[in-house]
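Here is a protein model to look through with some care.

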Amino acid sequence: MADSSSRDGKRYASSDITDYVHRVHAAHDAGLARAFATPSDMPAIQLGQSEGRLLHLLVKLVGGKRLVEVGTLAGYSAIQLASALPAGGHLWTIEFEPKHAAVATANLAAAGLADRVTVEVGAGVDVLPRLEAHGPFDVMFIDADKESYDRYGRWALSHVRKGGLVIGDNAYFFGRLLEDSAGARAMRAFHEAIAAACDSVCVPTPDGLVIGIVK
Ligand code: MG
């Protein structure tokens, strides 16, 4: 069935409407606002406000207690994830760039979440094996180097429990998903592995957000 909201090619969400729904459904507290305001020396590539809120709701929906994230950046998505945890829950989040990890650590502390989040510095493919003892996990959120998405996806499918969630941002690969390149092939392998092992969808956010429930 065609998507009736976009079949005529129009965008119905003006920036005024987007501002309104952010304010009503996804308002930032001080901690989220601090992390969302990207420092000038960091790339402005964090999740959108409603996407961050969606992560928060998804953790609550599955009763997530043990979460893993690849790609911390300034910690905005980590705050959305960790603030949905019940007492005793924990998020392990992995950031490749030490300067970004330091910013995220400060932002998580300012949000009052330092005790329930561990920021791991390193490449996801190197750090993930060290986290295996903390699993199985309820939710894994992938938002890191796109060339490794197939590896992150395979790890997720081995370490996220049945009924848990695997979520991947930038699933359109910045509009290059169907290209003949290593990155695009890795992203397509991620899509196809998640679709094979999960009940899944790719939500049409600006750059696509894959959500899979592990079968
Ligand atoms: Mg992203």
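What follows is a set of questions and answers about this predicted model.

Q: Why are α7 and α8 called roughly parallel?
A: The axes of helix α7, residues 149-159, and helix α8, residues 182-197, cross at roughly 20° and come within 7 Å. Angles under 35 degrees count as roughly parallel, and so α7 is described as roughly parallel to α8.

Q: Which residues make the contact of α7 with α8?
A: On the side of α7 the contact is made by Y149, D150, G153 and L157, while α8 brings A186, M187, A189, F190, A193, I194 and A197. Sorted by class, the contact between α7 and α8 holds 9 nonpolar, 1 polar and 1 charged residues.

Q: What makes G153 a buried residue?
A: G153, which lies in helix α7, has a relative accessibility of 1%. Buried means under 20% relative accessible area, so G153 counts as buried. Leaving aside neighbours within four places in sequence, G153 is in contact with I142 and F190.

Q: What makes D143, D169 and N170 donors of the magnesium ion?
A: The atoms concerned are OD of D143, OD of D169 and OD1 of N170, and they lie 2.0 to 2.1 Å from the magnesium ion. Donors are N, O and S atoms within 2.8 Å of the metal, so these three residues are the protein donors of the ion. Along the chain, the donors follow the spacing D-x25-D-N.

Q: Why can D143 and N170 be said to tie together parts that are apart in sequence?
A: D143 is placed in the loop between β4, residues 137-142, and α7, whereas N170 is in the loop between β5, residues 160-169, and α8, so the pair ties together parts that are 27 residues apart in sequence.

Q: How do you know whether D143 and N170 are buried or exposed?
A: The relative accessible area of D143 is 15%, and the relative accessibility of N170 is 10%. Since buried means under 20%, D143 is buried, and N170 counts as buried too.

Q: What kind of peptide bond joins G135 and P136?
A: Most peptide bonds are trans. The bond that joins G135 and P136 is a cis peptide bond, with omega at about -5°, and P136 has its place in the loop between α6 and β4.

Q: Why is E179 called partly exposed?
A: E179 has a relative accessible area of 36%. Partly exposed is the class between buried, under 20%, and exposed, over 50%, so E179 is partly exposed. E179 is found in the loop between β5 and α8, and, not counting residues up to four places away in sequence, E179 touches A184 and R188.

Q: How do you know that A33 is partly exposed?
A: A33, found in helix α2, residues 30-36, has a relative accessibility of 36%. As this value lies between the limits of 20% and 50%, A33 counts as partly exposed. The C-alpha atoms of A33 and N107 are separated by 9.8 Å, although these residues are 74 residues apart along the chain.

Note on methods. Residues are numbered from 1 along each chain as its sequence is written. This is a predicted model: local features need pLDDT of at least 70, side-chain atom pairs count only at pLDDT 80 or more; totals for chains, interfaces and linings use all residues. Side-chain values use heavy atoms; hydrogens and water are left out. Axes are lines fitted to C-alpha atoms, for helices over the stretch in contact, and angles run from 0 to 180 degrees between N-to-C directions. Helices (H or I, at least four residues) and strands (E, at least two) are DSSP runs, numbered from the N terminus. Angles under 35 degrees count as roughly parallel, over 145 as roughly antiparallel, 65 to 115 as roughly perpendicular and the rest as oblique. Contact means heavy atoms within 4.5 Å. Ala, Val, Leu, Ile, Met, Phe, Trp, Tyr, Cys and Pro count as nonpolar, Asp, Glu, Lys and Arg as charged, and the others, Gly among them, as polar. Donors are N, O and S atoms within 2.8 Å of the metal (3.2 Å for Na, K and Ca); water is not among the atoms, so sites may look incomplete. Buried means under 20% relative accessible area, exposed over 50%, partly exposed in between (1.4 Å probe, protein chains only).
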